Amino acid sequence: MSDNSNAIESVLTETRKFPPPAEFTKHAMISSEQQYEEMWNRAKDDPAGFWGDIAQNELDWFQMYDSVMEGDMPETKWFTGGKINASYNCLDRHLLTWRKNKAAIIWEGEPGDTRTLTYQQLHHEVCKFASVLDKLGIEAGDRVTLYMPMVPELAIAMLACARVGATHSIIFGGFSADAIRDRNNDAQSKLVITADGGWRRGKEIPLKATVDDALADGKSPSVEKVVVVRRTGGDVSMEDGRDLWWHDLMEDAVADRECTHLDSEHPLFILYTSGSTGKPKGVLHTTAGYLLGTMMTSRWVFDFKDEDTYWCTADIGWITGHSYIVYGPLANGVTTMMYEGAPNWPDEGRFWDIVEKHKVNTFYTAPTAIRAFIKWGDNWPQQHDLSSLRLLGTVGEPINPEAWMWYHKTIGAEKCPIVDTWWQTETGGIMLSPLPGVTATKPGSCTKPLPGVVPAIVSEQGEPLEANQGGLLVMTQPWPHMLRTLYGDHDRFIETYFSKFDGKYYFAGDGARRDEDGYYWVMGRVDDVINVSGHRLSTMEVESALVSHESVAEAAVVGFPHDLKGEGICCFVIPKGEIATGDALEAAQKELIAHVRQQIGALATPDQIRFTAALPKTRSGKIMRRLLRDIAAGRESAGDTTTLEDYSVLASLRESDEG
Ligand code: WTA
């Protein structure tokens, strides 16, 4: 954890505290410390009673479950014996209320086109596409890959999958053909849903062509059909017998597809995320627990009001979009915004233009975006009326206190509480976060656990630590929306999350401390996962991409502090031949950068490629990553280097820094 020493220092000196504005508290759903504590204590002492009451009152069941929870972590099953459908809970049940004609999704495309779908209209489209899935032979339990832009059809496809019980596997549009192929094969997907393209900074991202590449030459043999949404109107080649247009299929589809009654533990989706080894992990979430968790956490944290326009700026390709654009808000009958494109198109004021135009009340984004807003200058938000905003949120990485203060002042006009939400793909929903009407916030702290979440800070040996001692963040009790397994690899699931503390705790992979007020300060990953612009990447994944290039003998990849991205990607590479110089050096660097982008995707674009003749290793041959991190960050290494195989390696790496 030594590489996080700077972060630890800066948050240790942070003493500012911001109580929730009285006006906010007055109207908040959870409005007192006592109310929070009662909920939290009950959930801790009697989780079955706590979650059971909520599940009965808040979810619609086709058949009531027999037991709320069964078995100990990591094998806890929730609501067994129950029959339910997520699509029903997000759509059908709202049609029986006044929400029938309420906006479910307000969508804005990057070119400025907009579309609003009421609950009724969304339901209609979802029913139609569900019947299309039937026609295509998709059955409950089959896997369907979605590689789509941020268009309403993405949400429609998700909810249609949920309706028929197909398990969706969404792949973020920034991933490459090779990444799609690997995920298709791991999940054994039968169907891919994509679009001709999507808009990004005025350019067309060629999604269908990338899918073609992923499927070419039998590379994804399980895939039988491809459904293509027409979005950009760009040229695509349609393969006879395999590729079908969305609009053709929908033309004669009937909107009468009822929901399949599914077991509570039926797999709702797989979402691949980076782990500390090269191979992405297929995090599996199931139906009832995930739905309940995302519904309740979003209601508590975002203090939903029926008149809210709620906007989470994430891409649905990540867990944040799954839980807090689609399932959580829709289960609550809230209006959720969806925006297709970049924050700086056609100019840097785009997000504020959307806030003003749609009178957004709650705005949820990532610290990396906030740092970009700061860099672009205050005049962009100042040109817009942001007075509709009531609540602000962040997710994805630690927020530096300066960025928090800017967000508070410049966007929130010092009247909006900020919810800094800590959670993970694996946790399914928010775990640590302020409750906006209750918790006094401290810039940089995600404050306290939500009801049902019982965290601890422990040492490497699993001993509980005192206040203000840095350690490892673990969860000591199961929660309904936790991952159930890694798809097709249950052993790896146990090994990754539960083996470190003999099955007793869920190990999150983050370092953190709890202060004297019981507030949590998450420092960042303690494994080989880096957080680049709020996107999780494994350094090993980038390393395997590099060594798959013919010119590379060995590679080591580390993160380094980056003003905008949070962490940048620095690659130390031992070439097979001589280290190039001058123009040839630049060409070699470019070539490797392009290679990594092709292997993983644009989101893994290296910031630095440093060629070196050797890598610093311990006597047992382990790469000394801490040292490389110090070099990449331009820090003098404070640690003990006496185990260094060869001091000259270190010296020459530093020199290459100056060159
Ligand atoms: C980091 C994103 C500090 C953390 C929802 C975690 C955070 C990883 C925060 C999960 C936060 C997320 N403060 N760190 N508020 N939120 N992280 O799976 O390191 O893409 O383990 O889920 O992001 O990333 P993932």
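User: How do you know how many of the contacts in the protein chain link residues 24 or more positions apart?
Analyst: A contact means heavy atoms within 4.5 Å. Among contacts with a separation of 6 or more, 71% join residues 24 or more positions apart. This is a predicted model: local features need pLDDT of at least 70, side-chain atom pairs count only at pLDDT 80 or more, and totals for chains, interfaces and linings use all residues. Residues are numbered from 1 along each chain as its sequence is written, and side-chain values use heavy atoms, leaving out hydrogens and water.

User: Why is lysine 102 called buried?
Analyst: Buried means under 20% relative accessible area, exposed over 50%, and partly exposed in between (1.4 Å probe, protein chains only). Lysine 102 has 8%, so the residue counts as buried. Aspartate 306 has 29%, so this one is partly exposed.

User: What makes lysine 102 and aspartate 306 a salt bridge?
Analyst: The rule asks for a side-chain nitrogen of Lys or Arg within 4 Å of a carboxyl oxygen of Asp or Glu. Here the N to O distance is 2.7 Å, so the pair qualifies. The pair ties together parts that are 204 residues apart in sequence, because lysine 102 and aspartate 306 sit in separate loops. By this rule the count comes to 44 salt bridges.

Notes: Helix = DSSP H or I, 4+ residues; strand = E, 2+ residues; numbered from the N terminus.
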